[in-house]
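Thank you all for making time this morning.

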Amino acid sequence: MRPSNVRETALDLLMKIEKNQAYSHLLIHSAARERRLNAKDLSLLTRIVYGTVQRKNTLDFMLDRFLKKEPERWVRVLLRLSLYQLSELDRVPDRAVLHEAVEIAKRRGHRGIAGLVNGVLRAYQRNGEVDFAVIHDPLDRLAIETSHPRWLLEQWMNDYDRDTVANICEANNELPNVTVRTNTLRTTRESLMRTLREEGVTVEEGALAPEAVVVKSGAVQQAESFAAGLLTIQDEASMLAAHALDVKPGMRVLDTCAAPGGKTTHLAQLMNDEGEIVALDIHNHKVKLIEQLAARLGVKSIHAANLDGRLAAESFGRETFDRILIDAPCSGFGVIRRKPDIKWSKRPEDVERLASIQGDILASVAPLVKPGGTLVYSTCTIERKENEQVVRDFLRNHADFTFDRTLCERMPERLRLSEDKGMVQILPHEAGTDGFFIAALQKQGVS
């Protein structure tokens, strides 16, 4: 595929995201399959699409200095993706970016639009980078400089201090690490790292989880060790959820929102694949993802089923599970650097709606925990309304549960647990991982 076609494909995908709020990662995967992109073209397409979505606010502020009136939507998107390349991609020649933007403008519009595109991009070249200090309101400046919606920053300012919010925003614009989890049923972390290095993948130990391996370079999904089920891709922070549950071989465990199965198969590892894990998901087609992952990793103890976690109490007996994991549906604000479209597609009312669903799932499965058993609630968001507030509301209404204060024994020392020792919030700038929340709750009594 010629570079101009890569950029034209990027324009098509960005327009779908703009009009339909489509998910960027799904569009890229689909385009790669349909257009049979080679690795180089896929890499450029991914950088342009993700980067343009990620820096939308900043790019619009930079463009508006040179636009006398609002252009058609596709023209603004073409200008955004071209300006992103000029300002952020050092290896892409400026002359190629300008030439291809003008050619696309000619093909999709007319010579007048091509002249506009050429003029705006050349004006940016002459005038250089913008000085964000001209934006007087500090929150507006942070929203534009780091490219986040102002309402989201206002919400975070209620939960965190100003420096922390700024650090979160900066981290959201960094390239995420690729991290893999060692399948300890088949190998050790040390042995896996040796194997990956022999396969040309550069790796180092993770900082939080004992099974974590951080990939510094190389295509780990093409490695033979991946096909052999020696590893699976999973962010390091999310690996801590399985450790928080404190499972043992022979236990009966319920995973209520299990797809695609990363935490489920991790639980099986920690149980030495002995016992039973019931893995539920509300979407039938995603149940197959759990089964496929379990098969690749050679796990036998998982039974996957299609069921809404809120209805679990109708299908299972009271106090029949030693452990329950709720990796709840959430706003996903902890994974913005992997899915930048999240920050533009979500609204304040989504947080309220999700908090209600999260509370319903917790209340539904609470009767299923055996006396003395443990319930872990986790999310990949940093919203306190979906995290601490949901857990504290649950505890107020369920006097038979308390914080499991032994959680700190299963978490890395570097993480700061809440004062009651039963919750931990990991922020995206703290350890190079996703933002993640974990609460461990224990049911009173003896099983």
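This is a predicted model: local features need pLDDT of at least 70, side-chain atom pairs count only at pLDDT 80 or more; totals for chains, interfaces and linings use all residues.

Let me begin with the second largest pocket, which has a volume of about 250 Å³. A pocket here, on a 1 Å grid over the protein atoms alone, is an open set of points where a 1.4 Å probe fits, with protein on both sides within 12 Å along at least five of seven lines, and lining residues have an atom within 4 Å of a point; the volume is the space filled by probe spheres set on the points, which are joined across faces, edges and corners. Of the 14 residues that line this pocket, Y160, R384, E388, R416 and Q425 are the closest to its centre. Strand 11, residues 423-426, gives the most to that lining, with three residues. Sorted by class, the lining of the second largest pocket holds six nonpolar, four polar and four charged residues (Ala, Val, Leu, Ile, Met, Phe, Trp, Tyr, Cys and Pro count as nonpolar, Asp, Glu, Lys and Arg as charged, and the others, Gly among them, as polar).

Residues are numbered from 1 along each chain as its sequence is written, and side-chain values use heavy atoms, with hydrogens and water left out.

Now to the helices, which are DSSP runs of H or I with at least four residues, as strands are runs of E with at least two, numbered from the N terminus. Helix 2 (residues 24-34) and helix 3 (residues 39-54) pack at an angle of about 155°, their axes being 11 Å apart. That makes helix 2 roughly antiparallel to helix 3, a term for angles over 145 degrees. On the helix 2 side the contact, meaning heavy atoms within 4.5 Å, is made by S24, H25, I28, A31 and A32, and on the helix 3 side by L42, L45, T46, V49 and Y50. Those contact residues divide into seven nonpolar, three polar and no charged.

Helix 4 (residues 56-64) and helix 5 (residues 73-88) pack at about 100°, with axes 10 Å apart. Helix 4 and helix 5 are therefore roughly perpendicular to each other, which covers 65 to 115 degrees. Their contact has six nonpolar, one polar and five charged residues.

Finally, where is S345 found? It lies in helix 16, residues 342-345, and its C-alpha atom is separated by 6.4 Å from that of Q21, 324 residues apart along the chain.

Definitions and conventions
Axes are lines fitted to C-alpha atoms, for helices over the stretch in contact, and angles run from 0 to 180 degrees between N-to-C directions. Angles under 35 degrees count as roughly parallel, over 145 as roughly antiparallel, 65 to 115 as roughly perpendicular and the rest as oblique.
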